[in-house]
Amino acid sequence: MRVTSFITLLLTFIAFSTSAATSALVPQPASVAYADGEFVFSPVTTYSVASFPGDSIAGVFDSLKNDLEKGAGTTFRQVKKHAVLSLEVNADLAPEAYTLDVTPKGIAIRASRPAGFFYALQTLRQLLPYSFTPLASPASVPCLSITDAPRFGWRGFMLDDARHFFGKDEVKRVLDIMATYKMNRFHWHLADDQGWRVEIKKYPRLTDAGARRDSKTLGWGELKPDTITYEGYYTQDDIREIIAYAADRFIEVVPEIDIPGHSMAAIASYPEVLACDPGHPHEVWILQGISADVMNVANPAAVQMTKDILDELIALFPYRYMHLGGDECPTRKWEANEQCIAQLDSLGSTNFRDLQLNFYKLLGEHIAAKPEADRRTLIFWNEALYGNPELLPKDIAIMAWVAADRDARKAAERGLNTILTPQIPYYLNRKQSTQAGEPLSQGSGRENLEVVYKYEPLRNVPAELQDKYLGVQANLWTEYIHTPEHLEYLMLPRLAAVAETAWTPAELRDYTDFRTRIRAQRPMLDTSGWNFCRHEFMNE
């Protein structure tokens, strides 16, 4: 476990034990009313759980019981009535909403769904002290009344696991960070030019060849590739394990395979099917940037292979959304390919971008023809807006990253749902400090905690369009990032700022207050063993 020194830990624990926890809630709840007094846990604390199909509320409590016991300095014992801590169903609350009431006599949590109870218990956990060792005596929490629900339904984080591979243990740590801050969509970027990371049983060369490249370092400018063989992928059993782990934290996993651009790893695996020029050599890329090598979307065999891949992904990932990329797709290979030229002519178009949209149309029709349980809503990066809109499937969502505010509004005006992932400032792979010791990554360091926090997703968006905005998401691309320490350093604490934007009502958001609260959470970050950007926690 990566931890700070004993002296630092001791000082932070003394400074931020029980009393400071009252102001350390992140994200800030929709409504908090403090009252006089406090509830003091006993060495043994009774609790009761309302019945619910599958005992799922009891499962929520059990999943957090150990952490709550450590924070409260108590042992929980379940009873049927007269419990000190009660979890009660209130069917009138929204699916992710909850209330949390603390009096000197006890704690009452109410929600309509297991997710609401999970978020309430996360809030309760943040009210408790954090330490590496058991508490010498039971803790207390202040008397208060919280009524809470998220601002947005989509509260996301994307991890690029294609350019560098992190493995199951680190993905689970990422999911734990997300759950702490009530985020609920894990966008998993599993295929790109530099690697294919998900097992597809019908096409084993995707991982036999596509998950391996000839350099760990991805060349860019003066940064040159090395000679280290670099590889890794997730088996389908690995995927199921991670989906189950995420589901226990009320996080849906949204897979992405980026097609037809950013697909060199796939093309190198099956050039005879996917390449526009199969007679030329094709290798998994060892550089950054945008490759000109793209899939031949006019080849019926390539379309069928893609459908087969989607079929296996649909069987693996049970949720509504699936991301098919669509960004940064050059058309030069299509412009020199006879099949592509002929197909463009058949479409009555001179815009080669329409080949990409027609490809998506065919995939969308394939998914729409499935039984209802197997249908998926496809997500595309906002470059999908740049061709003939009549070719796009109708039931899609747009993820806006470049010119994000403009294109999100364009999507909403077309009647499409949209998710804001603005490159500036929500690409967390960009440096977060201008200090000399900042690790190598993209950007100049201007996307610091304050800049990330102050982004407002609905600024100047007309009220009649706002229901098309599903929510917000932070993205982390890994061209320069190949260790868990670097990954977590760039995530924290900036991901908490994105989470507050996604959860807290806009009128309650205040950076000065947030900075006070996130600083008070340093004991939690230390105890969790996550790496984080420590300069945000230093005195001015």
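Biologist: How do the residues lining the second largest pocket divide into nonpolar, polar and charged?

Modeller: Happy to start there. Rolling a probe the size of a water molecule over the atoms shows where empty space is left. In this predicted model, the lining of the second largest pocket divides into 5 nonpolar, 6 polar and 7 charged residues. That lining has 18 residues, and Arg163, Glu328, Gln423, Gln442 and Glu479 are the ones nearest the pocket's centre. The space in this pocket comes to about 330 Å³.

Biologist: And what volume does the largest pocket have?

Modeller: The largest pocket has about 790 Å³. Its lining counts 31 residues, with Asp67, Lys70, Arg125, Ser528 and Trp530 nearest the centre. By class, the lining holds 14 nonpolar, 9 polar and 8 charged residues.

Biologist: Which helix gives the most to the lining of the largest pocket?

Modeller: Helix 2 does, with 8 residues. The elements that give two or more residues are helix 2 (56-72), helix 3 (114-127), helix 4 (167-180) and helix 19 (522-528).

Biologist: Now to packing. At what angle do helix 11 and helix 12 pack?

Modeller: Two packed helices are described by the angle between their axes and the distance between the axes. Here, helix 11 (residues 338-346) and helix 12 (residues 353-368) pack at about 80 degrees, and their axes are 10 Å apart. Angles of 65 to 115 degrees count as roughly perpendicular, so helix 11 is roughly perpendicular to helix 12.

Biologist: Which residues meet there?

Modeller: From helix 11, Cys340, Gln343 and Leu344 meet Asp354, Leu355 and Asn358 of helix 12. The residues of this contact divide into 3 nonpolar, 2 polar and 1 charged.

Terms used. Residues are numbered from 1 along each chain as its sequence is written. This is a predicted model: local features need pLDDT of at least 70, side-chain atom pairs count only at pLDDT 80 or more; totals for chains, interfaces and linings use all residues. Side-chain values use heavy atoms; hydrogens and water are left out. Axes are lines fitted to C-alpha atoms, for helices over the stretch in contact, and angles run from 0 to 180 degrees between N-to-C directions. Helices (H or I, at least four residues) and strands (E, at least two) are DSSP runs, numbered from the N terminus. Angles under 35 degrees count as roughly parallel, over 145 as roughly antiparallel, 65 to 115 as roughly perpendicular and the rest as oblique. Contact means heavy atoms within 4.5 Å. Ala, Val, Leu, Ile, Met, Phe, Trp, Tyr, Cys and Pro count as nonpolar, Asp, Glu, Lys and Arg as charged, and the others, Gly among them, as polar. On a 1 Å grid over the protein atoms alone, a cavity is a set of points where a 1.4 Å probe fits but cannot get out, and a pocket is an open set with protein on both sides within 12 Å along at least five of seven lines; lining residues have an atom within 4 Å of a point. Grid points are joined across faces, edges and corners, and a volume is the space filled by probe spheres set on the points.
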